[in-house]
Amino acid sequence: MTGLVDAAWGIYVHIPFCQAKCSYCAFVSQVGNEQLQQEYVAALCREITAAGGDFSAHSVDSLFFGGGTPTVLQTDALALILQTIRQTFSLAPDAEISIEANPGTVTAQSLTSLRQLGFNRLSLGVQSFDDRVLAAAGRIHRAEDAETAFGLARQAGFDNIGFDLMYGLPQQTEASWQSTLEHAIMLNPDHLSAYGLKLEDGTPLAVAVENGREILPSEADEEAMYDKLNDFLPMAGFERYEVANYAKPGRQCRHNLKYWRSLPFRGFGLAAHSFDGTQRFANTDNLTEYLQRIAAGQSVVLPPEETDEATLIAEYTFTALRLATGLSYDDFRQRFDRDFRQIYAAELQRLLQKKLIVQTDQAVFLTPRGMKFGNRVFAEFLP
Ligand code: SF4
């Protein structure tokens, strides 16, 4: 795979703390006390500074604080991390600087401080505007908190705000989901992400479902929710630019586009992933080990797994096809020095017959049906 030496990089910063764990959550996050959070921030800043030698030459045009819940940290701690990044990397003057926030963890003051620090994009974990659904999912906030947080964020000067929504949650009905979509559209954010629940083994929700204490919407209900999403949002001016992401014109998330376009990014913090244009890396996901290794001046990057070209091609294909702009044959040739249409002639023919893709001279795209049944498409490109 050819390296992408000239591309601007993205930086991801992982904050693995939350105020409480949601019942469905399998992300690397925990409820941490203040001392642990301080230790973590100090270690994170050391990791960032140490990486500067290798990466400081790259220009960075997107920075994303995710988690966990980055806004459980004190503003001073977020300021310190941001300052360390600014001192270590050449952050473009117009860089997109995003932070994920749980509506239950922000105030007028904290949002104003975030904006003053330079954060210019806010991703609010709304999930639903139905309190019964939020409670069943173990969220710490209620619908009113999300609405308040959104208003305060606008007042604080955030003109680029995204909502994260989820469907297929316990207690959720088609009517509840429709009202969540209507509520979201009424507030008029700039970006919406909507993912179906994936029940992860070992989570409290998975156990509750197994024991019959909680019931999830049926497959047919979930499909109806998916259809509503794709009926409502385009009518409200949201362009679907990725399978699960919708934006007002010009408001696509620049940082996430790097993932889907296989552009380079560097992740810092616990379990953070990186991609340098040719190879993927991951940091340890063990917090004790992370802190110990940083204290000892050792790398927290795990030894990279050997990845063959077939796997790299499959990964590239899966992510590129998620985008509405599709997979560009030229880009594919530049990266792999091969012709996509030749490698996959039979697969493309089958998918065309099933009306799951369309092709032009330059690219291949998923049809709306292909987006809905993405797994059937991706199965054709498995190595
Ligand atoms: S706020 Fe997000 S990261 Fe934290 S527990 Fe809930 S789902 Fe997981």
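R338 forms a salt bridge with E309, the closest N and O atoms lying 3.2 Å apart; a salt bridge is taken here as a side-chain nitrogen of Lys or Arg within 4 Å of a carboxyl oxygen of Asp or Glu. The pair links distant parts of the chain, with R338 in the loop between helix 12 (329-336) and helix 13 (340-343) and E309 in helix 11 (residues 309-322), 29 residues apart. Helices (H or I, at least four residues) and strands (E, at least two) are DSSP runs numbered from the N terminus. R338 is partly exposed, with a relative accessible area of 37%, and E309 is likewise partly exposed at 33%. These classes follow relative accessible area computed with a 1.4 Å probe on protein chains only: buried is under 20%, exposed is over 50%, and partly exposed lies in between.

The model is predicted, and local features therefore require pLDDT of at least 70 and side-chain atom pairs count only at pLDDT 80 or more, whereas totals for chains, interfaces and linings use all residues. Residues are numbered from 1 along each chain as its sequence is written, and side-chain values use heavy atoms, with hydrogens and water left out.

By the salt-bridge rule the count comes to 13. One of these joins the side chains of D94 and R254 (4.0 Å, N to O). This pair also links distant parts of the chain, D94 being in strand 3 and R254 in helix 9, 160 residues apart. D94 is exposed, with a relative accessible area of 53%, while R254 counts as partly exposed at 28%. A further salt bridge is formed by the side chains of R335 and D331 (2.8 Å, N to O). Because R335 and D331 are four residues apart in helix 12, about one helical turn separates them. R335 counts as buried at 4% relative accessibility, whereas D331 is partly exposed, with a relative accessible area of 24%. Side chains of opposite charge can pair when their charged atoms come close.

The domain assignment of the chain, whose bounds come from an automatic or database source, gives domain 1 (9-260) and domain 2 (309-380). The centres of domain 1 and domain 2, taken over C-alpha atoms, are separated by 29 Å. Contact, meaning heavy atoms within 4.5 Å, involves 12 residues of domain 1 and nine residues of domain 2. About 900 Å² is buried between domain 1 and domain 2, and carbon and sulfur atoms give 58% of this area; buried area is the accessible area (1.4 Å probe) that two parts lose on being put together, summed over both.

Between domain 1 and domain 2 there are three salt bridges. In the bridge between D227 and K372, the side chains meet at 3.0 Å, N to O. E223, D227 and K372 are linked in a network of salt bridges. Six residue pairs, with both residues at pLDDT 80 or more, are in polar contact between domain 1 and domain 2. A polar contact is a pair of N or O atoms within 3.5 Å; within protein, one atom must be able to donate a hydrogen and the other to accept it, and residues adjacent in sequence count only if both atoms are side-chain atoms. On the side of domain 1 that touches domain 2, helix 8 (219-235), strand 7 (239-242) and helix 9 (254-260) each supply at least two residues.

E242 lies in strand 7 and is buried, with a relative accessible area of 0%. A polar atom of the E242 side chain is 2.7 Å from the backbone nitrogen of A244, and the E242 side chain makes a polar contact with the side chain of N245 (2.9 Å). Apart from neighbours within four places in sequence, E242 is in contact with Y195, W260, R322, L323 and A324.

Two further buried positions were examined. S98, in strand 3 (residues 90-101), counts as buried at 0% relative accessibility. The side chain of S98 makes a polar contact with that of R121 (3.5 Å). Residues up to four places away in sequence being excluded, S98 touches L63, F64, F65, F119 and R121. L78, in helix 2 (residues 75-88), counts as buried at 2% relative accessibility. Its contacts beyond four places in sequence are with F65, P70, L73, I99 and L114. L78 and F268, 190 residues apart in sequence, are 14 Å apart in space, C-alpha to C-alpha.
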